[in-house]
Amino acid sequence: MFLMSDEANAFWNGFVEVYPNCSTRRLWCRWHVLRAVGKMADELLDKYTAAIVKETLKETISEPDVTRFTKQMTTFLDYLEEPSNKGKKYADYLRKNYLS
């Protein structure tokens with residue numbers, strides 16, 4: 001069973017409290033994820049790179065095939081970590097909050 005919500009913990013915490021032994025897995029709403037990663041891109045990256053990041057992530061998280069998703073995400077993270085793109089902080093943010 002799955003439960004989809006935004007990234008706020010309030011609803012999930014209440015669900016787990018009421019159903020503590022449930023094996024339900026939490027899914028985040030795609031719209032909320034894109035909004036959050038877009039906001040952080042605007043904060044951490046220059047305008048040009050942020051636009052690329054938002055479009056790339058929109059396409060990548062829509063990929064249903066796990067192998068292709070993993071390849072696309074790895075390529076994207078490599079792009080961010082190129083010194084000329086100054087995206088290391090953003091790559092670290094994605095890893096910590098969405099890819100771990």
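Q: What should I know about the numbers before we start?
A: The model is predicted, so local features need pLDDT of at least 70 and side-chain atom pairs count only at pLDDT 80 or more, while totals for chains, interfaces and linings use all residues. Residues are numbered from 1 along each chain as its sequence is written, and side-chain values use heavy atoms, with hydrogens and water left out.

Q: OK, how many helices and strands does the protein have?
A: There are 5 helices and 2 strands, in the order β-α-β-α-α-α-α from the N terminus. Those are DSSP runs: H or I of at least four residues for helices, E of at least two for strands, numbered from the N terminus.

Q: And what's the volume of the largest pocket?
A: About 500 Å³. A pocket here is an open set of points on a 1 Å grid over the protein atoms alone, where a 1.4 Å probe fits and protein lies on both sides within 12 Å along at least five of seven lines. The volume is the space filled by probe spheres set on the points, which are joined across faces, edges and corners.

Q: Which residues are closest to its centre?
A: Trp28, Val33, Ile61, Phe69 and Tyr98, out of 17 lining residues; lining means having an atom within 4 Å of a point.

Q: Which element gives the largest share of that lining?
A: β2, with 4 residues. β2 (25–28), α2 (30–44), α4 (66–80) and α5 (88–98) each supply at least two.

Q: What's the lining like by class?
A: It has 12 nonpolar, 1 polar and 4 charged residues. Ala, Val, Leu, Ile, Met, Phe, Trp, Tyr, Cys and Pro count as nonpolar, Asp, Glu, Lys and Arg as charged, and the others, Gly among them, as polar.

Q: Switching topic: is Glu63 buried or exposed?
A: Glu63 counts as buried because its relative accessibility is 18%, and the cut-offs are under 20% for buried, over 50% for exposed and partly exposed in between (1.4 Å probe, protein chains only). Glu63 sits in the loop between α3 (47–60) and α4.

Q: What does Glu63 touch?
A: Leaving out residues up to four places away in sequence, Arg68, Phe69 and Gln72, where contact means heavy atoms within 4.5 Å.

Q: And where is Trp12?
A: Trp12 is in helix α1 (residues 9–18), and it is buried too, at 17% relative accessible area. With the sequence neighbours up to four places away left out, Trp12 touches Leu3, Thr24, Arg25 and Arg26.
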